[in-house]
Structure formats: C-alpha cells, structure tokens
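Please look over the sequence and the 3D structure shown below before reading on. The briefing that follows takes up helix packing, record annotations, a salt bridge and a peptide bond in turn.

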Amino acid sequence: MDDTPVPVDDPKPQGKGRPTPKRREAEGKRRQYVSAPKDRKEAYRQMRAKQAAERDRARQGMLAGDERYLPVRDKGPARKFARDWVDSRRLPSQYFLPFSLLILLATWIPWPMAVRAQVLGYVVTIGWPIMMIGVLFTSVYVSWKVKKLVAEKLPGESVKGVGFYAAMRALQIRKLRFPPPQVLPGGKPVPPKR
C-alpha cells in the first residue's frame, strides 16, 4: 500500500489568474482623450452647455425631492417630516394668498358709491381681521405641532427652525410649494408623472 497523501483541491485559488499589466498598458487604458476647444468662444460654449446640463440635472433632482439637490434649508429628515406633515393636510393658512387676492379684487371693482362703502367696510372690519387671526392661529398651531412630533419621532434631530419652516410652508399655495409636495392631502403619496 502506498501512504502518500493525495492533493486535495485547494479552495483558495493561487494568484489572480492573469499577468500583471505593465505600467504603460495600465496608464494607456485609463487615459481619455480630451478634445480641447479650438478657440475661446468654443471653450465658453462647451462650459455653458456643461453648466446647463448640471443645472437641469439639479432641477430635476429638486423636483423629484432628491435630498442631494435640495437647498440647505430643505435638507434633513426633520425638514422632510415637516414638509410631508404640512402637505398631507388642508390648512386655513394655505388659502391666505387666494383670499388676499379676492379681497384686493373686491376693492378694485368700481362699485357704486353706496355699495363701495359697504364692501370696504366689510373687508376692513370683518374680512382682514378674520383672515389675519386665522393665519396667526394656524401658524402657531402648525409650528407647535410639528416641533412636538419631530421631537417624538426623530429624537436625535434638532428641532431648531423646523416649526417656522412648517408654518411658512403652510402659508404657500400648494401648487407653488418648493420642493413640490410628495404626499397628497390625506397622506397618500403623489402618483408619479407619466
């Protein structure tokens, strides 16, 4: 009997299975040929085209709500939570601008003198005060509620400025909000555009 050990297939392969490329070959593969512009005008044209492409990519990213492309004031999980909380509700303060426009138009219409005095009286004594009180109470409530919820749901996040951020977003008309709303009123996600 022969007691010589039989070699077993080693699970680790020996070497990388190919020769190391020479430096000249490796550098040649990495090298990219750049076509330099022929004159200054061409260089500026190329630079503007590149900047326009970058701006378009950033704009698309912002519209999609991509965190990388958002301005600093909109970044972070606390701000995202505040945006989603405000966007998922219909708040009285979001009607501030349309109501202001309606009141302004009502004062510009050339009513007869007797009607004009009545319209201005109602606007000044009833319309504006009700609107301003509604906006003030809504803003205070939104600010307080969002700060409280951020502190509960995101304990490691700073609540500094989040309440004001949410209150200012609640004042904007929904279609004009930036970044665009990611949720519909009621909390469902916005369907993707086709």
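The model is a predicted one. In this predicted model, helix H4 (residues 96–108) and helix H5 (residues 113–153) have axes that come within 10 Å and cross at roughly 170°.

**Helix H4 against helix H5**

- Angles over 145 degrees count as roughly antiparallel, and with a crossing of roughly 170° H4 and H5 are therefore roughly antiparallel to each other.
- The crossing in which H4 passes H5 is left-handed.
- On the H4 side the contact is made by Phe96, Phe99, Ser100, Ile103, Ala106 and Thr107, while H5 brings Arg116, Val119, Leu120, Val123, Gly127, Trp128, Met131, Met132 and Val135.
- Sorted by class, the residues in this contact of H4 with H5 are eleven nonpolar, three polar and one charged.

**Helix H5 against helix H6**

- H5 also packs with H6 (162–171), at an angle of about 135° and with the two axes 8 Å apart, which makes H5 oblique to H6.
- The crossing of H5 and H6 is right-handed.
- From H5, the residues Val135, Ser139, Val142, Ser143, Val146, Lys147 and Val150 meet Val162, Gly163, Phe164, Ala166, Ala167, Ala170 and Leu171 of H6, and by class this contact has ten nonpolar, three polar and one charged residues.

**Helix H3 against helix H5**

- Helix H3 (residues 77–87) and H5 have axes that come within 10 Å and cross at roughly 130°, and H3 and H5 are therefore oblique to each other.
- The crossing of H3 and H5 is right-handed.
- Ala78, Phe81, Ala82, Trp85 and Val86 of H3 make the contact with Tyr141, Val142, Lys145, Val146, Leu149, Val150 and Lys153 of H5, and these residues divide into ten nonpolar, no polar and two charged.

**Stretches listed in the UniProt record**

- An unreviewed UniProt entry lists residues 95–113 and 119–144 under "transmembrane region".
- Over residues 95–113 the model's chain is 74% helix and 0% strand, with the end C-alpha atoms 29 Å apart.
- Over residues 119–144 the chain is 100% helix and 0% strand, and here the end C-alpha atoms lie 36 Å apart.

**A salt bridge within helix H2**

- The structure holds six salt bridges, and one of them joins the side chains of glutamate 42 and arginine 45, with a distance of 2.8 Å from N to O.
- Both glutamate 42 and arginine 45 belong to helix H2 (residues 40–63), where they are three residues apart, or about one turn of the helix.

**A cis peptide bond**

- Most peptide bonds are trans.
- The bond that leads from phenylalanine 178 to proline 179, however, is cis, with omega near -5°.
- Proline 179 is placed in the segment after helix H6 (162–171).

Technical notes:
Residues are numbered from 1 along each chain as its sequence is written. This is a predicted model: local features need pLDDT of at least 70, side-chain atom pairs count only at pLDDT 80 or more; totals for chains, interfaces and linings use all residues. Side-chain values use heavy atoms; hydrogens and water are left out. Axes are lines fitted to C-alpha atoms, for helices over the stretch in contact, and angles run from 0 to 180 degrees between N-to-C directions. Helices (H or I, at least four residues) and strands (E, at least two) are DSSP runs, numbered from the N terminus. Angles under 35 degrees count as roughly parallel, over 145 as roughly antiparallel, 65 to 115 as roughly perpendicular and the rest as oblique. A crossing is left-handed if the near helix is turned anticlockwise from the far one by less than a right angle, and right-handed if clockwise. Contact means heavy atoms within 4.5 Å. Ala, Val, Leu, Ile, Met, Phe, Trp, Tyr, Cys and Pro count as nonpolar, Asp, Glu, Lys and Arg as charged, and the others, Gly among them, as polar. UniProt positions are given in the numbering used here, feature names are shortened, and annotations may be inferred rather than shown by experiment. A salt bridge is a side-chain nitrogen of Lys or Arg within 4 Å of a carboxyl oxygen of Asp or Glu.
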